[in-house]
Amino acid sequence: MSLWRGKSPLILASQSGARRTLLKNAGLAFEAITADIDERAIQTASGLSTPREIGLLLAREKAKAVSTGHPDAWVIGADQTLALGTRLFNKPAGRQQAAAQLRALAGQ
């Protein structure tokens, strides 16, 4: 039984399996639609530097991008950032970059 009583399902503007699980476990009916945005370009153009600001910006941009195709739906945008001190980490492009990030974070 879904707790959501809207006319159409909620939309999650994310490809994250963890976020899908959270909404499902909360008893919410939703549809997941990936936002087709260039996160790094948006981040760079914004000039923002704190993980919190960047995460909020990207969540908002994802929701805006998906909501343009679904103007009558409630769209949830979400994002997360990772930083160690002043160093920001982005999604690794491949296994080598992921391994390098894990080495940088090890013991921290």
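## Strands and their pairing

Helices (H or I, at least four residues) and strands (E, at least two) are DSSP runs, numbered from the N terminus, and two strands pair if DSSP finds at least two bridges between them. This is a predicted model, in which local features need pLDDT of at least 70 and side-chain atom pairs count only at pLDDT 80 or more, while totals for chains, interfaces and linings use all residues. Residues are numbered from 1 along each chain as its sequence is written, and side-chain values use heavy atoms, with hydrogens and water left out.

Three strands form an open sheet in the order E2-E1-E3, with parallel pairing. Strand E2 (30-32) and strand E3 (75-77) are the edge strands, each pairing on one side only, and the twist from one strand to the next averages 25°. Strand E1 (residues 10-13) is joined to E2 by three bridges, and the two run parallel; Leu12 has Ala32 in E2 as its bridge partner.

## Helices on the sheet

Helix H1 (residues 17-25) lies across E1, E2 and E3 and runs at about 175° to E2, where axes are lines fitted to C-alpha atoms, for helices over the stretch in contact, and angles run from 0 to 180 degrees between N-to-C directions. Helix H3 (residues 51-67) packs on the sheet and touches E1 and E3, its direction making about 150° with that of E3; contact means heavy atoms within 4.5 Å.

## Contacts of Ala35

Leaving aside neighbours within four places in sequence, Ala35 is in contact with Lys62, Ala65 and Val66.
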